[in-house]
Each structure stands twice: as structure tokens, then as C-alpha cells.
Amino acid sequence: MQRTLQRRYTPIPLVICLSLTSLLLTACGGTTPPKTSTIGVVNYYAALEPVLAGFKDQMAALGYVEGNNVTYIYHGLLENDPEVLGGEVKRLLDQKVDLLLTMGTPPTLAAKRAGTHIPMVFASVMNPVKEGIAESVSHPGGNMTGVQVINGAPKAMEWLLTLVPGTQTVYVPYHPDDRVATAIVKSLPDAAARLGVALVLDKVYTLEAGVAAIAALPKATAILLIPTPRLASRMSVMRKLAVERGIPIGAYSFPVEDVLFTYGTNQADQGKQAARLAEQVLKGKKPGDLLVETAEYFLRINLKTATAIGLDIPDGLLRQADMVIR
């Protein structure tokens, strides 16, 4: 009997499909390790630490998990000195980071001066266009984008007078060597004139000087605190004395502690905004083409402090607050 041998052929399209599938599997994971991004971080102000926490949380939500596919290089808080900040920027760039995250104006200016092409994302920078950091808000240009904060101090003063209507004088202590503080106080004289209140802008260099000034404040005076990093570690003593004397304290861009109210941004939310920009940059978009975002402001009222200084706040005002601490 004659046997017929039958040959089995695999259709050519199937061979191509199998080959392509194999290539795709290799490209998507197989034996090729996922790319790890390295992000360098520069900060000089303890109040901005929540920005980094929010940044990391949002990056993780976007798929960038620390220790897995993203590494952060952060050497902690630095002295507010251009040489120190510039040295840290150079140190990070020498470590071949993929992106720089700068928090606050001084670190961002130091990064700008570095003249590198490494992409950068900033947070909590006031007026980046005026500072020469961005060409415009809609098109920052260069290798930077980020999150700006507006000067909300005039609005904070307005809230102070609304919550404490008998105020005749507003006292504002600040350190004159703090770039952010000196920028903020420039807007306050016009605001005080518009609101019909006397304004005392006090250059405070030491804790002793600040305590002495608060101890001597007359009645019908309220205090407005503004960001001034060189006094940050001493402010708690000054705030405590003011509360003991029954002097109302409002704070612009300060965390709510023993102050009557805070009008400012949520630092962690700023970090999340910056992270969404960073994700786009890491995926290949040019920072200079990404709109500079603006941080949102919130009003927080502390009823515990109001009670401590004998101040009654109407329910109608409390309903306007984004947060009430009872």
C-alpha cells in the first residue's frame, strides 16, 4: 500500500502575529527592566515640606512609586543662601537627575541660574514672571514650569478686619533679608489705605525684638503674620505672647496653629499640582510649553483661638470658611 505523506504548513500571517506578540511582550516587561526616573529636590523652608509629601503621593497615584520606578534625592532643608542653594543644584545635576523639583523662590532662582537643560518643576513661587523664572504664565519657555502663588496678603488683611471689626492698627513683623517677605509687604500699604486702617511694618531681626514689640502693642491692634523664613522657628513664642495678651492674629500662608485664622494655600495640594506637571514632563513634554498653574487659596478659622482671646465670630462668617477648627 502506498502511503501519502501530508505536510502541515503554518499560515504566514500567523507566524508574523506570533513574532510581533513576542516582541511586544519583551518591550512591555519581559526581560527588559522598567525605566527608573530620578528626581532631585531642593527646599529651604520647613513650611514647604508638605509640598514634597503631596508631590510624592500624587506621583505614586500616577504610577511613579518610590523605590520601584522613581528615586528621590533630597538632602533636607538648606540655608537660604544663593551659594548654598546653587551648590545643591549643581550637586544634583552632577548625579544625572531626570528632573528637578524646587520649592520656593530662592531654590528656583538658583536652579534657573544653573543654566542646565534638565527639566525643572517649581512650586510655591510668587510671581515667577516678575522674578525672571518664566517668560509668561501661559508659555513659561525654557526648561521650567510649575505652580505659582499669588500675593494673598491684602486679602488676608481684609479677612482680619472682617473677623475683628474694631481693629485700628495692623502690625506686620518680618525679616527684611527674606526675599518673599519683602515682596509681600510692598502690597500692604495700599491695602491698608483702602481698608482705612493704620499699618505698622516692623523689621524684626531677633526673637527678643519681636517679643518686645508684641509686648508693647496698644489696644485695638491686630497682628498679620506673613511668610518670613528667617523668623519661622521663633514665631511660636511671639504667637503665644500675643494670644496671652488677647491680641488677634491672622496669618497669610501659615498653617493653622494658635492663630485666629489662616488665609493661604494647601501646600500638599501644590505638590499634587506640581506632580501632574512632572508626569507630563517625564513623558516627554517640554516644560516651557506647559501652563504655569496657580495654587488655590483657602480660609481656615480657629474657634479655639477665638475663644482664648474672647472673640465671638458670627455664624455667617463661619459659613464662609473652608475649614473651622472647633
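This is a predicted model: local features need pLDDT of at least 70, side-chain atom pairs count only at pLDDT 80 or more; totals for chains, interfaces and linings use all residues.
Which helix or strand gives the most to the lining of the second largest cavity?

Residues are numbered from 1 along each chain as its sequence is written, and side-chain values use heavy atoms, with hydrogens and water left out.

**View 1. Cavities in the model.** There are two cavities of 30 Å³ or more. A cavity here is a set of points on a 1 Å grid, over the protein atoms alone, where a 1.4 Å probe fits but cannot get out. Points are joined across faces, edges and corners, and the volume is the space filled by probe spheres set on them.

**View 2. The largest cavity.** Its volume is about 210 Å³. The lining (residues with an atom within 4 Å of a point) has 17 residues, with Ser124, Val149, Val180, Pro227 and Ser253 nearest the centre. Strand E4, residues 120-126, gives the most to this lining, with three residues; strands are DSSP runs of E, at least two residues, and helices are runs of H or I, at least four, numbered from the N terminus.

**View 3. The second largest cavity.** Here you will find about 30 Å³ of space. Lining residues include Ile214, Met235 and Arg239. Helix H9 (235-244) and strand E8 (221-225) each supply at least two residues of the lining, and H9 gives the most, with four.

Key: On a 1 Å grid over the protein atoms alone, a cavity is a set of points where a 1.4 Å probe fits but cannot get out, and a pocket is an open set with protein on both sides within 12 Å along at least five of seven lines; lining residues have an atom within 4 Å of a point.
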